[in-house]
Amino acid sequence: MSADTPRRIALLRHAKADWPEVPDHDRPLAERGRKDAPAVGLKLAETGIAFDLALCSTAARTRETWKLAVQEMPHRPKTSYEERLYDASLGELIALLNETSDDVADLLVIGHNPGMHALADALSRRAEGDALARMSRTGFPTAALAVVSFTGSWKTLEHGVGTLLDFWTPKDH
C-alpha cells in the first residue's frame with residue numbers, strides 16, 4: 001500500500017464496567033455493558049469495514065467488550081492485545097498508532113477514556129454530517145464508537161489529518 005492509501009480507524013471505548021473490589025485493570029463488564037457490547041458489534045458490522053487488525057487493551061473490560069462485540073461481526077480481524085492502550089495519554093496513543101504496519105488499511109482500537117475521546121477529537125479536523133457535534137454534545141460514553149478516515153501512512157498520523165465519518169453510542173440504537 002502506498003503513502004496515499006485511504007485508511008480508516010475505529011475507536012471503541014469499552015462497554016460499561018462494574019466496580020467490584022478488584023484492581024482497576026481487572027474490572028469486568030456490568031450487566032449493561034454485556035448488553036451494549038454486542039450492539040456495538042452490530043454497529044461495527046453495519047459499517048461494512050473489514051478490519052485488518054484490532055488492537056485491544058489488556059484490561060478485563062476491554063477484552064470482554066471485544067469478545068462480545070466480535071461475535072456480531074462477519075469478519076474477525078487479527079487481534080493484538082496491547083498493554084500500552086491501558087491508561088494511555090493522547091501522545092502515547094498516537095505514538096502507538098504510528099507503529100502500525102502500512103499493510104493495515106483499516107484498524108480497530110478498543111480502549112479507554114479519556115484517551116479514545118481525545119484521540120477521536122484530535123484526529124478529526126473535519127466531520128461528515130453532525131458527527132462532531134454529536135460527539136461534542138455526548139462526550140464519549142461507554143461503548144461509544146468513532147470512525148475516522150485519513151490518507152497516508154500510519155507513520156504520518158497526527159492531529160487534524162482525519163475526517164470523523166461516524167459517531168455512535170448505544171443510546172443511538
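I began at the end of helix H1, which is followed by Gly48, a residue with a positive phi near 75°. Helices here are DSSP runs of H or I of at least four residues, and strands are E runs of at least two, numbered from the N terminus.

I noted that this is a predicted model, in which local features need pLDDT of at least 70, side-chain atom pairs count only at pLDDT 80 or more, and totals for chains, interfaces and linings use all residues. Residues are numbered from 1 along each chain as its sequence is written, and side-chain values use heavy atoms, with hydrogens and water left out.

**Helix H1**

I looked up burial (under 20% relative accessible area; exposed is over 50%, partly exposed in between; 1.4 Å probe, protein chains only). The buried residues of H1 (residues 31-46) include Gly33, Asp36, Pro38, Val40 and Leu44. Among the elements that cover the buried residues of H1 are strand S1 (6-13), helix H2 (60-70) and strand S4 (106-111), with contact meaning heavy atoms within 4.5 Å.

I then checked Glu31, which lies in H1. Glu31 counts as exposed because its relative accessibility is 53%.

**Helices H3 and H4**

I recorded an angle of about 70° between H3 (residues 90-98) and H4 (residues 115-123), with the axes 9 Å apart. Axes are lines fitted to C-alpha atoms over the stretch in contact, with angles from 0 to 180 degrees between N-to-C directions. H3 and H4 are therefore roughly perpendicular (65 to 115 degrees; under 35 is roughly parallel, over 145 roughly antiparallel, the rest oblique).

I listed the contact: Leu90, Leu93, Ile94 and Leu97 in H3 meet Gly115, Met116, Ala118, Leu119 and Ala122 in H4.

Definitions and conventions
The expected span of a helix is 1.5 Å times one less than its number of residues.
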